[in-house]
Amino acid sequence: MMTHPDRTKPIRVLVVDDSAIVRKILTDCLAAEPDIEVAGTAPDAIIAREKIRTLNPDVVTLDIEMPRLDGISFLREVMKDRPMPVIIISSIAGRGCAAALEAIEAGAVEVLAKPSGPYSVGDLRLVLAQKVRSAARARIGAARPAAAAAGSPPVAPAMPVCSVPRGSAPGRVLVAMGASTGGTEAIRHILQHLPDTLPPIVIVQHIPAVFSRAFADRLDGLCRLRVSEASGGEVLEPGIALIAPGDSHMLIRRQGSRYTVEVRGGPRVCYQRPSVDVLFHSVADSAAEYAIGVLLTGMGSDGARGLLEMRRAGARTIAQDERTSVVYGMPREAERMGAVERVLPLDAIAAAICGAVESAARGRALPAPAL
């Protein structure tokens, strides 16, 4: 497992992109940060290979479409020979979104969009340094699904880990999930192990707006659940999972016996939009003791206060453990606050969700725990 760099020293970053303009933009964005140092730049993966050896950077930012050796092939080489935190900074043109998500499967810890159209250099500047700091703390040796670690496409398990008879779970039951760094693969792993009879699932993953729809579409093709990006106004039904759109908050509202989805703008919460806290607070208000909250890998504290409110309202609450988290920040903060009922490894979370749902299906109450 990779050891974390000395945090008394600046985080050393190698910028890899075939565009001189993009290399300058990224360098200028990072050079303004006192705790980050651009150790070097490379116009292609062949030169980057040598600079990794000589400069020993803490984090690499990597383009996908490059001459001589494409970014994904290079990434797989790095993850095999010298595992280290890699942030993909990709074009959204063509198959850029799908390729960026393929890079996540291959081992990248974060994905960002290159400045283009409405997504400006200013937007990138807001998040780039934060993502570099998060990547520098990533546990590259944390447990990863075997297929993704090998670089081959993930395949859905033959059977889900639990069985919830169709129509048996009360319509009031709702699952809410939140994640950041490392979360795309954690979410994929959990959803692939869930049956399509489960009550609705609502998910916030910190991801740029240009990639959230591609992320949802990818999951929809891999899971038994129907997965889509939320647009607002949906009525939640069993067997569906909704992903919050990037750059918008997602909230759940109770209307009679139904839950509906609201998507809106608004200020960033915990530096994030969408924010896990915003979703979890709304779920605590709407579903209370019929909710199940799950907080996964990620840097910072987003989701911790919302999960605490859910637990106080009577919800079952689960957090991913440190060993399997790429970054054990959000779950750690939730545990510190007393928001977490169960801390579990990634492989155990789907079964725990099903267990809570099955309890509800048998008519057992979910009382608020004493805090």
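The questions and answers below go from the whole chain to single residues.

This is a predicted model, in which local features need pLDDT of at least 70 and side-chain atom pairs count only at pLDDT 80 or more, while totals for chains, interfaces and linings use all residues. Residues are numbered from 1 along each chain as its sequence is written, and side-chain values use heavy atoms, with hydrogens and water left out.

Q: How many helices and strands does the chain have?
A: Helices (H or I, at least four residues) and strands (E, at least two) are DSSP runs, numbered from the N terminus. On that basis, the chain comes to 12 helices and 14 strands.

Q: What percentage of the residues of the chain count as buried?
A: Buried means under 20% relative accessible area, exposed over 50%, and partly exposed in between (1.4 Å probe, protein chains only). Of the 371 residues, the share that counts as buried is 56%.

Q: Is Leu-346 buried or exposed?
A: Leu-346 is found in helix α12. Not counting residues up to four places away in sequence, Leu-346 touches Ala-186, His-189, Ile-190, Gln-320, Asp-321 and Thr-324 (contact means heavy atoms within 4.5 Å). Its relative accessibility is 6%, so Leu-346 counts as buried.

Q: How are α2 and α3 oriented, roughly parallel or roughly antiparallel?
A: Helix α2 (residues 45-55) and helix α3 (residues 71-81) pack at an angle of about 20°, with axes 10 Å apart. Axes here are lines fitted to C-alpha atoms, for helices over the stretch in contact, and angles run from 0 to 180 degrees between N-to-C directions. Angles under 35 degrees count as roughly parallel, over 145 as roughly antiparallel, 65 to 115 as roughly perpendicular and the rest as oblique. The angle therefore makes α2 and α3 roughly parallel.

Q: Which residues in α3 do those of α2 meet?
A: On the α2 side, the residues are Ala-45, Ala-48, Arg-49 and Ile-52. Their partners in α3 are Phe-74, Glu-77 and Val-78.

Q: What separation do the C-alpha atoms of Leu-251 and His-281 have?
A: Leu-251 lies in strand β10 (residues 249-255), and at 5% relative accessibility it counts as buried. Leaving aside neighbours within four places in sequence, Leu-251 is in contact with residues including Thr-260, Val-261 and Val-278. Leu-251 and His-281 are 30 residues apart along the chain, and their C-alpha atoms are separated by 8.3 Å.

Q: Which residues does the cis peptide bond with omega of about 10° join?
A: Look in the loop between β11 (258-264) and α9 (276-287), the place of Pro-274. The cis bond, with omega about 10°, joins Arg-273 and Pro-274.

Q: Does Arg-68 count as buried or exposed?
A: Arg-68 lies in the loop between β3 (59-62) and α3. Its phi is near 70°, a positive value in a residue other than glycine. At 62% relative accessibility, Arg-68 counts as exposed.
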